Amino acid sequence: EFGMLMYNRYSEPQGDLGAVHFYQYGTMMYISHSQMLADGTSLIECRGTYRFRVRAHGLHDGYSVGDVERIDDVSTAEEERLEALETSMSHVSAPPPTINGIPAYTPESAEASFDRTSTRELLEIGSSFINRMRARSANWLQQRVLDTHGQPPNDPALFPFWFASVLPISDEEKYKLLPTTTVRQRLKITAGWIRRIEGQRW
């Protein structure tokens, strides 16, 4: 096993770690197959097993090492409780701002509208977008991409990570999925990507 972290190219502060050269959330990888090549390098096949947060880091024999904390989702019961709370509280929210009677896009208004949306409906936003993009023969949904990443999953827990794997957006945007602890949070992030793409506000 080894941890995979993203390079912090903009030196953004990472919590208690400060402006380190990596982002503090990463993925633990498991090497399932390796092949040594004649030049001494190796080809490895690996899969992600869980997400983690770096609590401390250092060097050991020239390798970066760290003390990490595993990040898991909340329980299914807690996820359902949070969804029920959000959707039931939405009717008391202030109406979104408008321009000439048309709802104006702001990150806050997008977040509020997704709070009113069920988890199943958030998944449908993603699935419908994929179907529209397939109908338009989007380059990032060509068969070679689907051969690598598989077909769009119907499981709301899997869809956001699959979507991030194929969608041509910045790694910094995709990174936002890693610290989350609910399926719902991740689906709201992916729905936000879709809204910004379709509104050409990227």
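Of the 202 residues that make up the protein chain, 34% count as buried, where buried means under 20% relative accessible area, exposed over 50%, and partly exposed anything in between (1.4 Å probe, protein chains only). This is a predicted model, so local features need pLDDT of at least 70 and side-chain atom pairs count only at pLDDT 80 or more, while totals for chains, interfaces and linings use all residues. Residues are numbered from 1 along each chain as its sequence is written, and side-chain values use heavy atoms, with hydrogens and water left out.

On to the overall layout. The protein chain has seven helices and six strands; these are DSSP runs numbered from the N terminus, with helices being H or I over at least four residues and strands being E over at least two. Starting at the N terminus, the order reads β-β-β-β-α-β-β-α-α-α-α-α-α.

What sits inside? In soluble globular proteins, nonpolar side chains tend to be buried together. Here the largest nonpolar core has 24 residues, and Trp-140, Trp-162 and Phe-163 have the most contacts inside it. A nonpolar core, for the record, is a set of buried Ala, Val, Leu, Ile, Met, Phe, Trp, Tyr and Cys residues joined through side-chain atoms within 4.5 Å. Helices α3, α4, α5 (159–166) and α7 (183–198) each supply at least two residues of this core. Another core, of seven residues, lies apart from it and includes Val-20, Phe-22, Tyr-50 and Val-54.

Helix α5 deserves a look of its own. Six of its eight residues are buried, so α5 is largely enclosed by the rest of the structure. The buried ones are Phe-159, Pro-160, Trp-162, Phe-163, Ala-164 and Val-166, and they pack against α3, α4, α6 (171–175) and α7. Take Phe-163: leaving aside neighbours within four places in sequence, Phe-163 touches Phe-129, Ile-130, Trp-140, Thr-190, Trp-193 and Ile-194.

The structure holds seven aromatic pairs, a pair being rings of Phe, Tyr or Trp (its six-membered ring) with centres within 6.5 Å; planes under 30 degrees apart count as stacked, over 60 as edge-to-face and the rest as tilted. Phe-129 and Trp-140 have ring centres 6.0 Å apart and planes at 25 degrees, so this pair is stacked. Phe-129 belongs to helix α3 (residues 119–135) and Trp-140 to the loop between α3 and α4 (143–149), so the pair ties together parts that are 11 residues apart in sequence. Both Phe-129 and Trp-140 are buried. Ring pairs also link Phe-129, Trp-140, Phe-159, Trp-162, Phe-163 and Trp-193 into a cluster.

Next come helix α1 and its partner. Helix α1 (residues 76–89) packs against α7 at an angle of about 50 degrees, with the axes 9 Å apart. Axes are lines fitted to C-alpha atoms, for helices over the stretch in contact, and angles run from 0 to 180 degrees between N-to-C directions. That makes α1 oblique to α7, since angles under 35 degrees count as roughly parallel, over 145 as roughly antiparallel, 65 to 115 as roughly perpendicular and the rest as oblique. Glu-79, Glu-83, Glu-86 and Thr-87 in α1 meet Val-183, Arg-184 and Lys-188 in α7. Thr-119 in helix α3 is buried, with a relative accessible area of 12%. Leaving aside neighbours within four places in sequence, Thr-119 is in contact with Glu-83, Pro-156, Arg-184 and Leu-187.

Met-6, in the loop between β1 (2–4) and β2 (25–36), has its C-alpha atom 8.8 Å from that of Glu-172, although the two are 166 residues apart along the chain. Asp-67 is in strand β4 (residues 63–71) and is partly exposed at 39% relative accessible area. Ser-11 is partly exposed at 45% relative accessibility, whereas Ser-137 is exposed at 57%.

Key: Contact = heavy atoms within 4.5 Å.
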